[in-house]
Amino acid sequence: ALDPAFYVSYLNLATLYRGEGKADQEINTLLSGIKQNPAVIPLYLALADSYATHGNWDRLPPLFVGLRNNSKNSSAVSLAIAQFYFRHGKLQEAKDVLSDLLSREKSNIEARKALIEVELELRQTADAGKLNQELLKEYPHDPNANLYQGRLLLIENKTAEAITVLEQLSHDVPEMALAHYTLGLAYGQHGEVDREIASLKQSLLRDPNLIKAYMLLGQVYVERGDGKLALSYANEALKRNPSLLLAQLIRTNAELLLGDPQTAERELSALAAANPNNAAIQERLGYAQLMQRKFAEASTRFEEALKLQPDFVPALRDLYALYQAQSKPQQAITRIQQQIQRAPQQGAFYEMLGDLYQSQGNLARASDAYKGAIAHGAGTNASMAYARLAQVSTGQQNYPQAIENAKTSIAQNPDLLPAYILEGVAYEKTG
């Protein structure tokens, strides 16, 4: 009232209304602010956030047209709109805005970097790589350009090269939190978990609010079976953003590791109610119930997860475990066969079927199932299926075939220890 041009008051009042759940007052406050301050970018972005929160995506284009018109379509406005779309996961829209900006301002370095970031998220490595090479040619020591180069190499599975680039970047720009974080990703992709953890902790020393580092550390400790540390890092992430679904799942996984399925079930039930179409939540809730031997409830959740996502491996693996716990191997075989009919390209399902047949001593059917895993696991590493085939061939006394399968397994995954042992056993059997 004292100063209609003091736009910060509109933003604060809108934030207050949002906290009180008064969406109409929030939107009207921001509209009033824009009317009094038609060229102030933060007001438009706050209103766009409000529209997005309430699913009113159709109201964004006219809002942004008004912003462009009132700011003479400045580069700052285009960057702000692109960042808004990027933040909300609308990657193609962000790319379109940045491409349009670069068609007008080819040398805009901020737009070029933002476009590379978007293309990396879209996994458009060819476009991102071309743009980043141009950037590196002009600015060879630019930290962001070198970070993008490391990320590109990681996406292309050139892990050793990525580590070289990122180690140099972390050395040259030690204060760059994202350099240490991405180096941690590279170490993890290379199987060097201790170095992954050390780099992620270095990133948090540089930026204590780097939420994705907390989440990745939480996930790493879940995979290590350390529930206490996993819970600690998940809670740090949630302290900074309580609505992060992935962090909530990491926390419940930590609780399961700590032997507290009751708490995990309670939290997962709330998550499932809020996200009924999320297969991962349904599966985790079923697992928490399975730990408490609530077989009927667990089965219902696993079936719901597979209904939502027919190729979801964890849910069928849990059903397999449930049938095993109830000593019902034939029901497990029948159920896996049903799911293969629904998702015939999921190679892991054939592997499970092969494991069941092998446990029953039915080596011929086990062999067929493992061959199915290899045939239908297109684009994936079938090293374990080949190792299983080597085991079956040994049981059938077909040692040359066992050696061939073990060699193929090792070629696909040189770190798979059982394949070496199976190859050695086959050589021993042949004298």
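Modeller: Contact here means heavy atoms within 4.5 Å of each other. Keep in mind that this is a predicted model.

Biologist: How much of the chain counts as buried?

Modeller: The figure is 45% of the 431 residues. A residue gets that label under 20% relative accessible area. The accessible surface of the chain is about 21700 Å². Carbon and sulfur atoms hold 51% of that surface.

Biologist: Which hand does the crossing of helix 13 and helix 15 have?

Modeller: That crossing is left-handed.

Biologist: Which residues meet there, in helix 13 and in helix 15?

Modeller: Helix 13 brings Met 215, Gly 218, Gln 219, Tyr 221 and Val 222. Helix 15 brings Leu 246, Ala 247, Ile 250, Asn 253, Ala 254 and Leu 257. By class, the contact of helix 13 with helix 15 has eight nonpolar residues, three polar and no charged. Gly counts as polar in this scheme.

Biologist: What makes helix 24 and helix 25 antiparallel or parallel?

Modeller: Helix 24 (residues 399-412) and helix 25 (residues 417-429) pack at about 155 degrees. The cut-off for roughly antiparallel is over 145. So helix 24 is roughly antiparallel to helix 25. Their axes lie 9 Å apart, and the crossing is left-handed.

Biologist: Which residues of helix 24 and helix 25 make the contact?

Modeller: From helix 24 come Tyr 399, Ala 402, Ile 403, Ala 406, Lys 407, Ser 409 and Ile 410. From helix 25 come Ala 419, Tyr 420, Glu 423, Ala 426, Tyr 427 and Lys 429. The contact of helix 24 with helix 25 divides into nine nonpolar, one polar and three charged residues.

Biologist: On to single residues. Is Lys 72 buried or exposed, and how do you know?

Modeller: Lys 72 has a relative accessible area of 79%. Exposed means over 50%. Therefore Lys 72 is exposed. Lys 72 is found in the loop between helix 4 (60-70) and helix 5 (75-87).

Biologist: What is the phi of Lys 72?

Modeller: Lys 72 has a positive phi of about 60 degrees, although it is not a glycine. Most residues other than glycine have a negative phi. Asn 73 also lies in the loop between helix 4 and helix 5. Asn 73 is not a glycine either, and its phi is positive at about 55 degrees.

Biologist: How does Asn 73 count by relative accessibility, and why?

Modeller: Its value is 27%.

Biologist: What about Gln 25, by relative accessible area?

Modeller: Gln 25 has 36%, so this residue is partly exposed. Gln 25 lies in helix 2 (residues 23-36). The C-alpha atoms of Gln 25 and Leu 13 are separated by 9.1 Å. Along the chain, Gln 25 and Leu 13 are twelve residues apart.

How values were computed. Residues are numbered from 1 along each chain as its sequence is written. This is a predicted model: local features need pLDDT of at least 70, side-chain atom pairs count only at pLDDT 80 or more; totals for chains, interfaces and linings use all residues. Side-chain values use heavy atoms; hydrogens and water are left out. A crossing is left-handed if the near helix is turned anticlockwise from the far one by less than a right angle, and right-handed if clockwise. Helices (H or I, at least four residues) and strands (E, at least two) are DSSP runs, numbered from the N terminus. Buried means under 20% relative accessible area, exposed over 50%, partly exposed in between (1.4 Å probe, protein chains only). Accessible areas come from the Shrake-Rupley method with a 1.4 Å probe; for residues, only the protein chains shown count as cover. Axes are lines fitted to C-alpha atoms, for helices over the stretch in contact, and angles run from 0 to 180 degrees between N-to-C directions. Angles under 35 degrees count as roughly parallel, over 145 as roughly antiparallel, 65 to 115 as roughly perpendicular and the rest as oblique.
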